[in-house]
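Subject: Structure for your review

Dear colleague,

I am handing over the structure below, followed by notes on what was found in it. Please read the notes with the structure open beside you.

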Amino acid sequence: MSDFDELGRVLAIDHLSTYRFFHTNIREFAPERVTPEEIQHVASVLSSYAQTSTSETGGWAIPTSPIEVEDIIDPNRMSGARAYEIAGARVLFLAGYFRNQIKRRHNVEWLDRLGQSFYAIASDNALGPNNRKVLRSVAMNFPGWTNACMQLNSTFADNRYILKM
């Protein structure tokens, strides 16, 4: 058993409880008139990145700077709807959750437009009407979602000693 498995066992952290934690908390800051599926998608993005290392080699690796997010545009590296969804999720996480930390060094409005376009392209090429609809909705509400993620991070920082699981 790895150290991380042991820590997870001791703290009772698993994928579902992490997802529920973010789902419960992001709803408070969600943009107006969003669908439950959008909330689920954003909670899933936050949950995934909360449990993913920066050294992950798969598609959901945590971006460590906006420059890495730009790299995914290269069609030689990845292509298709899933690649653009991952790119959009990376931008959502970086430009949303870490907005206060990066806004002095990076153009966060440009990152919002980039993430919005990634989700729009993913939607245009997604398999299935439900997935297409969710991705399109996230694209349309992307600036609201980055703001929601920023507010969530600020709330967590302000209440770091009294968070309820």
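Which residues in H7 meet which residues in H9? Leu111, Asp112, Gly115, Gln116 and Tyr119 in H7 meet Phe142, Pro143 and Thr146 in H9, where contact means heavy atoms within 4.5 Å. By class, this contact of H7 with H9 has four nonpolar, three polar and one charged residues, with Ala, Val, Leu, Ile, Met, Phe, Trp, Tyr, Cys and Pro counted as nonpolar, Asp, Glu, Lys and Arg as charged, and the others, Gly among them, as polar.

Before going further, please note that this is a predicted model, in which local features need pLDDT of at least 70 and side-chain atom pairs count only at pLDDT 80 or more, whereas totals for chains, interfaces and linings use all residues. Residues are numbered from 1 along each chain as its sequence is written, and side-chain values use heavy atoms, with hydrogens and water left out.

Helix H7 (residues 108-125) and helix H9 (residues 142-158) pack at an angle of about 120°, with their axes 9 Å apart; helices are DSSP runs (H or I, at least four residues) numbered from the N terminus, and axes are lines fitted to C-alpha atoms over the stretch in contact, with angles running from 0 to 180 degrees between N-to-C directions. H7 and H9 are therefore oblique to each other (under 35 degrees counts as roughly parallel, over 145 as roughly antiparallel, 65 to 115 as roughly perpendicular and the rest as oblique).

The axes of helix H5 (residues 81-97) and H7 come within 8 Å and cross at roughly 155°, which makes H5 roughly antiparallel to H7. Among the H5 residues that meet H7 are Leu92 and Ala95, and among their H7 counterparts are Leu111 and Asp112.

Thr146, which has its place in helix H9, counts as buried at 0% relative accessibility (buried means under 20% relative accessible area, exposed over 50%, partly exposed in between, with a 1.4 Å probe and protein chains only). Leaving aside residues up to four places away in sequence, Thr146 touches Leu92, Ala95, Gly96, Arg99 and Asp112.

Finally, Arg33 is found in the loop between helix H2 (15-26) and helix H3 (36-50), and Arg33 is exposed, with a relative accessible area of 76%. The phi of Arg33 is near 55°, a positive value in a residue other than glycine, whereas most residues other than glycine have a negative phi.

Notes. Helix = DSSP H or I, 4+ residues; strand = E, 2+ residues; numbered from the N terminus.
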